Amino acid sequence: MEHPFVTMNGINPYRHCSHRCVYCCSFAQGCATPWYSRRDVMKELTRALETLPADQKISLSPCSDPYTPEEEQHGITRLILEELHRRNRPYFVCTKGTLVTRDIDLLSDYSVDHDVWMVLGALDEKALSFTEPGAPSPQARIAAMYQLVEAEISLTVNAAPLLPWITPAEDLYQALPHCERIHMCPLQVQHMGGKIKLFDRIWTQAELSANFFAARAEFTPRDNVTWHDPMPDIP
Ligand code: SF4
């Protein structure tokens, strides 16, 4: 599904998302192609920033990932970030992409209010190559997280979705650098008719939620870890 360049809560530099996660709730799976060329994007960005409230944290990007491999060639996310810093506009970056470390120079500049999140819900490379086939390996993402933290970037990790039957939440926690906050989130498949085929079996939402609650019960609570309940099913 194609999402527009500007939405109510942010800016999508790319149409589609090459990470192609099987559970994507924005149905963005596809080859990431820039909405606008490097030459034209500034004009469109200026227009977009006029429509978004100045005190709103602009999401980069709400419907696709801002750091798919295509960003290395096109650099559209980088251009937008530079402009947000020039204009002192607060923003929020959430990514599975390790290319985020390229922008450490900007992301470590807190004169502009912003948040940096990385997404990882399991440590098994083979499993994630099925669920998130175009995204960097879990090991590469963890290495990127360490780089961000070493650069004194206040990192939040979004374990969304946590796959606790693949990697226990405790093992995931132990593998991460010390983060500002870690969000444990269940796999939600209501948008897929309430079930998903993963690996060798079909999971219903009820089974996924039960698995998630069992993982929470086994986990030693920590101050920097927040568990999020599954959304209620819509009757
Ligand atoms: S990284 Fe996010 S936007 Fe991209 S396919 Fe995966 S869930 Fe969808």
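Okay, one definition before anything else: a residue is called buried if 20 or more other C-beta atoms lie within 10 Å of its own, exposed if 12 or fewer, and partly exposed in between. Keep that in your head, and remember that what we have here is a predicted model.

Buried or exposed, with 20 C-beta neighbours inside 10 Å? Serine 59 counts as buried, because 20 neighbours is what the cut-off asks for. You'll find serine 59 in strand β5, which runs over residues 58-60. Cysteine 94 is 35 residues away along the chain, yet the C-alpha atoms of serine 59 and cysteine 94 are separated by 8.0 Å.

Leucine 60 and serine 61 are joined by a cis peptide bond, with omega about 0°. Serine 61 belongs to the loop between β5 and α2, and cysteine 63 is found in that loop between β5 and α2 (70-74) too. Cysteine 63 has 23 C-beta neighbours inside 10 Å, so cysteine 63 counts as buried. Which residues is cysteine 63 in contact with, leaving aside its neighbours within four places in sequence? Those are His3, Thr7, Asn12, Ser26 and Ala28. And arginine 15, which is 48 residues apart from cysteine 63 in sequence, is 8.8 Å apart from cysteine 63 in space, C-alpha to C-alpha.

Now the ligand. Around the ligand we see Cys17, His19, Arg20, Cys21, Cys24, Ser26, Ala28, Gln29, Ser64, Asp65 and Lys96. Sort that shell by class and you get four nonpolar, four polar and three charged residues. Let me pick out Arg20 from that group. Its phi is near 50°, which is a positive value in a residue other than glycine. Arginine 20 sits in the loop between β3 (14-15) and β4 (33-34). With 18 other C-beta atoms within 10 Å, arginine 20 comes out as partly exposed.

Asparagine 88 also has a positive phi, near 55°, and is a residue other than glycine. You'll see asparagine 88 in the loop between α3 (76-86) and β6 (91-95). Asparagine 88 has 10 C-beta neighbours inside 10 Å, so asparagine 88 counts as exposed.

On to the helices, and here's one bit of background. An α-helix has 3.6 residues a turn, so residues three or four places apart point the same way.

Take α8, residues 205-218. These 14 residues reach 20 Å from first C-alpha to last, close to the 20 Å expected at 1.5 Å a residue. Which residues of α8 are buried? They are Gln205, Leu208, Phe212 and Ala215. Those residues cover an arc of only 90° around the axis, so they sit on the same side of α8. Turned away from that buried side is a face with the exposed residues Ala206, Ala214, Ala217 and Glu218. Covering the buried residues of α8 are elements including α7, β10 (195-198) and β11 (201-204).

Now compare α6, residues 138-150. Buried in α6 are Pro138, Arg141, Ile142, Ala144, Met145 and Leu148. They cover an arc of only 160° around the axis, so they too are on the same side of their helix. On the other side of α6, Gln139 and Glu150 are exposed. The cover over the buried residues of α6 includes α4 (104-107), β7 (114-119), α5 (125-131), β8 (155-159) and α7 (169-175). After α6 comes glutamate 152, with a positive phi near 65°.

Met145 brings us to the core. How many residues does the largest nonpolar core have? It has 43, and those with the most contacts inside it are Ile80, Met118, Met145, Leu155, Val157, Ala159 and Leu162. Look at valine 157: beyond four places in sequence, valine 157 is in contact with Met118, Leu120, Met145, Leu176, Cys179 and Ile182. Apart from that core lies another one, of five residues, among them Tyr14, Cys17, Ala28 and Cys63.

One last stop: alanine 160 and proline 161 are joined by a cis peptide bond, omega about 0°, and proline 161 is in the loop between β8 and α7.

Technical notes
Residues are numbered from 1 along each chain as its sequence is written. This is a predicted model: local features need pLDDT of at least 70, side-chain atom pairs count only at pLDDT 80 or more; totals for chains, interfaces and linings use all residues. A residue is near a molecule or strand if its C-beta atom, placed from the backbone, lies within 6 Å of it. Ala, Val, Leu, Ile, Met, Phe, Trp, Tyr, Cys and Pro count as nonpolar, Asp, Glu, Lys and Arg as charged, and the others, Gly among them, as polar. Helices (H or I, at least four residues) and strands (E, at least two) are DSSP runs, numbered from the N terminus. The arc is that of the directions from the helix axis to the C-beta atoms. Two residues are in contact if their C-beta atoms, placed from the backbone, lie within 7 Å. A nonpolar core is a set of buried Ala, Val, Leu, Ile, Met, Phe, Trp, Tyr and Cys residues joined through C-beta atoms within 7 Å. The expected span of a helix is 1.5 Å times one less than its number of residues.
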